[in-house]
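My notes follow in the order in which I checked things.

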Amino acid sequence: MKIHIKNGRLIDPASGTDAQQDVYIAAGKIVAIGAPPQGYHANRTLDASGLVVCPGLVDLAVRLREPGFEYMATLESEMDAAAAGGVTSLACPPDTDPPLDEPGLVEMLKFRARNLNQAHVYPIGALTVGLKGTHLTEMAELTDAGCVAFSHADAPLTDTQLLLRALQYAATFDFPVWLRPQDAGLARGGVAHDGQVATRLGLAAIPVCAETVALSTILLLVRETGARVHLCRLSSAEGVDMVRQAKQLGLKVSCDIAIHHAHLSEMDIGYFDPNCNLTPPLRSQRDRDALRAALADGTVDALCSDHAPVDDDAKQLPFGEAETGATGIELLLPLTLKWAEESRLPLAQGLARVTSDPARVLGIDAGRLTPGASADICIFDPERYWKVAAKALKSQGKNTPFIGIEVKGRVRYTLVEGQVVFESV
Amino acid sequence: MFLSNNPQLNQHGELHHLLSIEGLPAAILWQILDTAQSFVGVTQREVKKVPLLRGKAIFNLFFEPSTRTRTTFEIAAKRLSADVINLAVNVSSQSKGESVLDTVANLAAMQADMFIVRHGESGAPYLIARHVGEDIHVINAGDGRHAHPTQGLLDVFTIRHYKQDFRNLRVAIVGDILHSRVARSQIHALTTLGVPELRVIGPKTLLPSNVDNLGVHVYHDMAKGLKDVDVIMMLRLQNERMQGSFLPSPQEFFKFYGLTAEKLALAKPDAIVLHPGPMNRGVEIDSDVADGSQSVILPQVTFGIAIRMAVMSILAGN
Amino acid sequence: MAKPSLPDAEELLAALTAQMRPHITAKTGLIGIVTGGAWLAERLHRDLKLEVPHGSLDVSFYRDDFQHKGLKHQVMPSAIPFEVEGRDLILVDDVLYTGRTIRAAMNELFDYGRPASIRLAALVDRGGRELPIAAQFTGTVLELPSQYSIELKRDAQGRLSLALQQP
């Protein structure tokens, strides 16, 4: 199918392009930008007047809830949500039930996802069997089955010797390891940031040192082993400072933050809003500001949705009992735009954090608009306001701290491999 | 993110639920204290009842066991001529069973007028208050570590009874502030009513971070903290709420933070001693102090009934 | 329409005192309904030289309009410094109107004990009764249109006067 996207503002962060340029697609690829190839006749023309045409978004953390958590959400609903959110490549963490620790499970997931013909799914494999933290998984087998990295999701990994061995093993094959820096002991029992809000509200607290102590361990082991590590979901000013220093020392680390932590703080818990029960917790305003600055200066490589759809019954509980997490994939775009605008950054730089940069972290050929690349494209209206409400979200998870809030930036078309997988009026 | 208006007040600024002392204007606290004063008179009469809440159904919804608090609420409700139904909801970690909201919805369908809720999780009464109909009032009888507003109120009522003017007082709260919903409520009540100097005394493991943000001075040395205070409020060591080791032993705690006659002597000679009960004698307080002339622990209990009558009456009438 | 003129409260009190004097015994218990009735009870107690201390009653907890009006902000404690059981009581109020306040006062009194008798002294009886209640001692009977309300006031020197409020 030949598709011609005309009159759009093309933004390609990888090449630094931000200009009125048309895009020409054929056989699932971008065949030309700017001027059509000779003899090109479009089957379909998309009029992108007033819209931005950018690479399809790359989201580093999207829980599809299959296998095992189908009561929370299904592959179908969450892939629909991804398409509606302009996401064309996504990585899913291994904390499914059972965890993604066997090639068969990974193959099944990839197979089911491929059949839906929507976003590309990149499974992150489990670092240890069952995510129990005692035995390494067959990382090479899992890579053959399609895993692009290995992580421990939010499961505690308390045996430092095992962590060392896991990093050594991964380093042998240059497999990336994704780790969330959280010391299990220091975080134990906590549900909120150890600050003035937790004190006032009487919530069990997680101190910043739960992140920095774990980060310290990980960074020292990275230095020891030379493993390629990506740090997931930083939450504190001190944490990003440590990563900044590590990068300056030349360590091969990258990191991301979730959209919630780019905008919210402990203050948003308000009167015990369970939608603000997130992992890691929302920290102080000072931490949030440091995260935003680190995202701007590149210390934080990518912004992700940390999409975690939760069913209503599990959320409408007292704060400490509520299931942690929020739906986010459909908010990735508007919240990225909001951060970029508030930080007075050019749109291209803001979009880099959800396109070319996460693609680089994942090590995939995506997040760019160049001739020859797969036609994974997001076309959005940067000025369109919409209200975050249950009926406006395709995800089965309707729980987000942003419910009832108006955000700016709405996807009009999403294309994956040259097919229109989502369009709205 | 929630609505920023106070869920406790209706659109006229009157008390609609009592969930926490934090966020209540001083005028409402005075109203409760003054109304309670009248009810003290009632409790001293032959006929201790008034017909104010006749025909009203008050449900004691206790997700955490408690005999004392539940009984005082029951007595208070009956003295207002209300009908009281007690529900001890069994919450085991294994079988969650009916959710909090389902329980509440079922009871509301049975024409409940008021819920008195005690729950192990901070914030549970807020969740309930958000989901009940407009005509139903919710009173927080203690949620996790967060608040125990009627206890805070009866404590300040007791202080007013003996000391009259809050604006001249030095008050110390001693013990496990980290885990204490009583302490948080006391702190909010005392600061709202204008106590100029409020101290918290305890080991670092039992004081929450940023506690000075609540308007208190922090002391780790009890001798220094008790010097020249007018009111000493002892807290119970929350054994059941402690997971992990915050203290090596109750004995060591008593040595440094227990109230003995010797330590009491450091305060003003007419200082009064309060305790929300039940007391751990020999852990936070010595028997001779608990039973001594400066202890007002028993009057606290009487005043507790009057305060609860006042709260229920004010809510039912708004 | 001309604003009604009000009699002098001090004169009415003198008349009331004179009416009551022959009917007082050493054991009579005088109880004033706050606030106006309580001021009157204080004066009557002094002028009639009663032995038994006077009491005051706040009927807020017994009113029949609690559902509509809620609790008023300043509830005063009721104080009855004598045994109600078996005693002859005189209830004192400033204005007798619908009779509902007196009904509430009697209900409250019976929760203190069983009196031998209750009589009512009212400074002003403005008619408009909604219940079968009557005063045995009255300062004056006054016809007042329903849109007006009448209130007893006391100045810094303790001098009583009547004031008219138009809602």
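At what angle do the axes of helix 4 and helix 7 of chain A cross? This is a predicted model, so I read the angle from the predicted coordinates. The axes of helix 4 (residues 160–173) and helix 7 (residues 209–225) of chain A cross at roughly 45 degrees and come within 10 Å. That angle makes helix 4 of chain A oblique to helix 7 of chain A. I also looked up the handedness, and helix 4 of chain A passes helix 7 of chain A in a right-handed crossing.

Next I listed who makes the contact. Helix 4 of chain A brings Thr160(A), Leu163(A), Leu164(A), Leu167(A), Gln168(A) and Ala171(A). Helix 7 of chain A brings Thr217(A), Leu221(A), Val222(A), Glu224(A) and Thr225(A). I sorted the residues of this contact by type: six are nonpolar, four polar and one charged.

Entry on the domains of chain A. The domain assignment gives domain 1 as 3–53 + 374–423 and domain 2 as 56–362. Taken over C-alpha atoms, the centres of domain 1 and domain 2 of chain A are separated by 26 Å. I then looked up the contact between them: 31 residues of domain 1 of chain A touch 46 residues of domain 2 of chain A.

Which strands supply the side of domain 1 of chain A that touches domain 2 of chain A? Strand 18 (377–387), strand 19 (406–416) and strand 20 (419–423) of chain A each supply at least two residues. Strand 19 of chain A gives the most to that side, with six residues. By type, the residues on that side of domain 1 of chain A are 17 nonpolar, nine polar and five charged.

Last entry, on chain B. Helix 1 (residues 26–43) and helix 11 (residues 297–317) of chain B have axes 8 Å apart and pack at an angle of about 120 degrees. Helix 1 and helix 11 of chain B are therefore oblique to each other. I noted their crossing as right-handed.

From helix 1 of chain B, the contact takes in Gln31(B), Ile32(B), Thr35(B), Ala36(B), Phe39(B), Val40(B) and Thr43(B). How many residues of the contact of helix 1 with helix 11 of chain B are nonpolar, polar and charged? I have twelve nonpolar, five polar and no charged.

Definitions and conventions
Residues are numbered from 1 along each chain as its sequence is written. Chains are lettered from A and ligands numbered from 1 in the order in which they are written. This is a predicted model: local features need pLDDT of at least 70, side-chain atom pairs count only at pLDDT 80 or more; totals for chains, interfaces and linings use all residues. Axes are lines fitted to C-alpha atoms, for helices over the stretch in contact, and angles run from 0 to 180 degrees between N-to-C directions. Helices (H or I, at least four residues) and strands (E, at least two) are DSSP runs, numbered from the N terminus. Angles under 35 degrees count as roughly parallel, over 145 as roughly antiparallel, 65 to 115 as roughly perpendicular and the rest as oblique. A crossing is left-handed if the near helix is turned anticlockwise from the far one by less than a right angle, and right-handed if clockwise. Two residues are in contact if their C-beta atoms, placed from the backbone, lie within 7 Å. Ala, Val, Leu, Ile, Met, Phe, Trp, Tyr, Cys and Pro count as nonpolar, Asp, Glu, Lys and Arg as charged, and the others, Gly among them, as polar. Domain bounds come from an automatic or database domain assignment.
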